[in-house]
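Let's take a walk through this structure together.

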Amino acid sequence: MIEKILAEAVSYETPVIRANNLFDEIERLIGEGNMMRFLEEPSRYMASILSALPYRYNPAIKYNVELFPHSNYLGQLKITLRTQNPTLTSLVNAFYQLFTILEKRYYNPNAQYEFNGIKFIRVLDFPNVELTTQQLAELITEYVKNFNELLNIFLSNQEDEKVAFTLVEKRFNELFDREIII
């Protein structure tokens, strides 16, 4: 409490205050669309976003954004698919592989990943420029929304893998055409 009062007195944004402000802004930005839902987590440095996939029974996919307050990295995005369907798991795993190839080729060659079927983890680097908390929230939210859109395009075109790959690559280049990377 004293830390918060002192920080406010000198207009300093502590890691906890920045995380709270960042997640408040992400919640606002996610709330502007109807396709995704923001979920608060018990941790000060974590929040989740839930989305439904265009597949039988509309299975859920959960995007966990976790911030690392004292690290060389901004945090991580952990994506978890909630399904027992092996066909869907295989399709999503194929998308993860495609996404990592595209991201390393066109967006961030140093991106770090870990994935296995239903879980995908992407380490978030600090941006290559100084950003306000609002700008950082916009960048993270945009990244999650873009990933979700590309996954939806991939799944919506699953009957023809070549078409799905081509459409995802084309849209990836439209969405990730920016200088600021995470």
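A residue is called buried when its relative accessible area is under 20%, exposed when it is over 50%, and partly exposed in between, using a 1.4 Å probe and protein chains only. Helices (H or I, at least four residues) and strands (E, at least two) are DSSP runs, numbered from the N terminus. The model is a predicted one, where local features need pLDDT of at least 70 and side-chain atom pairs count only at pLDDT 80 or more, while totals for chains, interfaces and linings use all residues. Residues are numbered from 1 along each chain as its sequence is written, and side-chain values use heavy atoms, with hydrogens and water left out.

Let's begin with helix 3. Its buried residues are Leu88, Thr89, Leu91, Val92, Asn93, Phe95, Tyr96, Leu98, Phe99, Thr100, Leu102 and Glu103. What do the buried residues of helix 3 pack against? Their partners are strand 3, strand 4 (75–82), strand 5 (113–116), strand 6 (119–124), helix 4 and helix 5, where contact means heavy atoms within 4.5 Å. The length of helix 3 can be checked too. The expected span of a helix is 1.5 Å times one less than its number of residues.

Now move on to helix 5 (residues 161–175). Its 15 residues should span 21 Å at 1.5 Å a residue, and the end C-alpha atoms lie 21 Å apart, which agrees. Which residues of helix 5 are buried? They are Ala164, Val168, Phe172 and Leu175. Looking down the axis of helix 5, these buried residues fall within an arc of 70° (taken from the directions from the helix axis to the C-beta atoms), so they line one face of the helix. On the other side of helix 5, Lys162 and Lys170 are exposed. Helix 3 (86–106) and helix 4 (133–156) are among the elements that cover the buried residues of helix 5.

Helix 4 also holds Ala137. At 0% relative accessibility, Ala137 counts as buried. Not counting residues up to four places away in sequence, Ala137 touches Leu22, Glu25, Ile26 and Leu29. The C-alpha atoms of Ala137 and Arg28 are separated by 9.7 Å, although the two residues are 109 apart along the chain. Glu25, one of the residues that Ala137 touches, sits in helix 2. Is Glu25 buried or exposed? Its relative accessibility is 14%, so Glu25 counts as buried. With residues up to four places away in sequence left out, Glu25 touches Gln134 and Ala137.

Next, look at the loop between strand 2 (46–52) and strand 3 (60–67), which is where Pro59 is found. Tyr57 and Asn58 lie in this loop too. Tyr57 has a positive phi of about 70° although it is not a glycine, and phi of Asn58, also a residue other than glycine, is near 45°. Tyr57 counts as exposed because its relative accessibility is 81%, and Asn58 counts as exposed at 51%. Pro59, at 10%, counts as buried. Leaving aside neighbours within four places in sequence, Pro59 is in contact with Ser51, Ala52, Leu53, Arg82, Thr83 and Leu88. Pro59 and Asn85 are 26 residues apart in sequence and 9.5 Å apart in space, C-alpha to C-alpha.

Finally, turn to the empty space. Rolling a probe the size of a water molecule over the atoms shows where such space is left. On a 1 Å grid over the protein atoms alone, a cavity is a set of points where a 1.4 Å probe fits but cannot get out, whereas a pocket is an open set with protein on both sides within 12 Å along at least five of seven lines; lining residues have an atom within 4 Å of a point. Grid points are joined across faces, edges and corners, and a volume is the space filled by probe spheres set on the points.

The largest pocket has a volume of about 360 Å³. Of the 18 residues that line this pocket, the closest to its centre are Arg18, Pro69, Leu74, Phe126 and Leu136. Helix 2 (residues 15–31) gives the largest share of the lining, four residues. The structure also holds one cavity of 30 Å³ or more. Tyr107, Leu139, Glu142, Tyr143, Asn146, Phe176, Arg178 and Ile182 line the largest cavity.
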